[in-house]
Amino acid sequence: MNRAKLQSFFRNYFRFENSYFTVGGWKKEFAYFLQMGSLGAHLVDRVKFRLFPKLGIVADFPSHLDIETASACQMRCPMCYTTYMDESLKGVMKYELFTKLVDEAASLGVYSIKLSWRGEPLLNKNIVRMVKYAKEKGLKEVAFLSNAEFLTKDIAEALVDAGLDWLSVSADGTGEIYNEIRRPAIFEETLERVAYMKKYRDSKGLTRPLLRVQSIMSAVENNPDEFREAWAGIVDRMNIIADETRDFNEKDLQFDRYFMCSKPWQRMTIAYDGRVHQCISDYGAKNVIGDANESSLHDVWHGPKNEAVREAFRKHKYLEENAPCNICSYGVITEKSKLKGSDQMYVRRYLNIAPVVVEHVVTLKSPKPAKVRKSVADERARKAQEKLQNGA
């Protein structure tokens with residue numbers, strides 16, 4: 001075994017996360033695990049989800065599905081594939097298709113579904129109804145990611161009452177860095193929306209939905225304590241994600257030729273229109289492996305196209321044979337780094353991938369930034385004027 005292959009072996013088999021880190025480390029991770037409840041079932045699911053891919057075991061059906069309730073998004077974040085995605089790929093899932101998918105998932109013992117992928121789930125008018133349906137069908141974990149701009153008090157209450165298990169808020173940085181990346185949202189308003197959801201949850205004597213927040217690394221690395229302090233008491237967990245390559249242009253990246261991706265053994269990704277994509281990195285539908293409108297998900301899971309994806313990794317030819325892999329960061333080699341701040345947090349960065357934020361400046365610009373709402377623009381102008389007056 002050559003040196004590169006040996007190094008890759010240790011990366012693939014002794015590391016579970018290359019780019020996703022929890023503020024507070026393993027202790028916070030373990031506390032969050034306990035908060036998830038259903039400990040026995042959750043532990044069994046984690047074994048299947050984490051270890052089956054490393055052992056090359058193809059389960060009869062995955063324990064997790066990514067069901068995209070909306071691929072559209074009102075934001076135009078510069079580091080997001082959706083910003084660069086063709087309009088023909090954007091839409092919301094029909095309720096009838098969703099119930100069909102959930103019915104099959106429930107019948108096959110799926111443990112968890114995530115109702116988000118490329119877009120903003122709150123753009124789907126049926127999102128609360130979808131959460132409730134999935135929970136009534138007996139799925140243990142129903143969750144999604146959101147930018148939270150449309151998380152009104154009514155929707156927050158309805159999601160809690162529907163039985164949502166967790167919500168992860170994508171919030172990159174704090175203050176003006178957040179405001180620029182996540183425009184037209186305002187950081188303080190996002191904090192208030194999520195805080196209200198927690199307040200309502202707690203007032204009902206519930207522990208779910210668990211609330212998480214995640215930021216790209218470069219947006220918080222110069223002052224991670226500010227990020228932590230802003231969200232303390234509002235969320236149950238904070239995560240930091242390594243900056244990734246997030247457009248459709250292939251770059252000169254340092255891929256691990258022997259990388260073994262867990263996704264083909266771990267989960268399935270169903271787009272809003274029912275097409276099954278190779279994985280969560282196949283934003284542009286470069287390798288559609290099936291269609292849930294025409295086939296069962298079970299057949300797609302065991303189908304020839306999905307097996308070809310797995311075989312490409314077994315042969316170490318994933319870059320040649322799986323087109324989406326060439327614009328995906330997961331196979332890129334990482335290096336260890338340490339964030340500033342009181343936690344002395346160790347993280348990993350992808351090699352040769354430029355950061356979105358450098359020295360408190362957002363250097364990666366959106367090609368078509370979202371328009372700032374008039375009310376937001378007025379509020380920003382008012383605050384700027386106050387600063388000038390106070391400094392005078």
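A residue is called buried here when its relative accessible area is under 20%, exposed when that value is over 50%, and partly exposed in between, using a 1.4 Å probe and protein chains only. By that criterion, 53% of the 392 residues of the protein count as buried. The model is predicted, so that local features need pLDDT of at least 70 and side-chain atom pairs count only at pLDDT 80 or more, while totals for chains, interfaces and linings use all residues. Residues are numbered from 1 along each chain as its sequence is written, and side-chain values use heavy atoms, with hydrogens and water left out.

**Overall architecture**

- The protein has 15 helices and 14 strands, where helices (H or I, at least four residues) and strands (E, at least two) are DSSP runs numbered from the N terminus.
- Among contacts in the protein with a separation of 6 or more, 74% come from residues 24 or more positions apart, a contact being heavy atoms within 4.5 Å.
- The accessible surface of the protein comes to about 17800 Å², and carbon and sulfur atoms hold 53% of that area; accessible areas come from the Shrake-Rupley method with a 1.4 Å probe, and for residues only the protein chains shown count as cover.

**Salt bridges**

- Side chains of opposite charge can pair when their charged atoms come close.
- With a salt bridge taken as a side-chain nitrogen of Lys or Arg within 4 Å of a carboxyl oxygen of Asp or Glu, the count comes to 24 salt bridges.
- One of these joins Asp66 to Arg267, with an N to O distance of 2.8 Å; because Asp66 lies in strand β2 (residues 64-67) and Arg267 in strand β8 (residues 267-270), the pair ties together parts that are 201 residues apart in sequence. Both Asp66 and Arg267 are buried.
- Asp165 and Arg208 also meet in a salt bridge, at 2.5 Å from N to O; since Asp165 lies in the loop between α7 (153-162) and β5 (166-170) and Arg208 in the loop between α9 (187-203) and β6 (210-216), this pair ties together parts that are 43 residues apart in sequence. Asp165 counts as buried at 3% relative accessibility, whereas Arg208, at 21%, counts as partly exposed.
- Asp172 forms a salt bridge with Arg182, whose closest N and O atoms are 2.8 Å apart; Asp172 lies in the loop between β5 and α8 (175-181) and Arg182 in the loop between α8 and α9, so the parts tied together are 10 residues apart in sequence. Asp172 is buried, with a relative accessible area of 3%, and Arg182 counts as buried at 11%.
- Salt bridges that share partners join Lys198, Arg201, Asp202 and Asp236 into one network.
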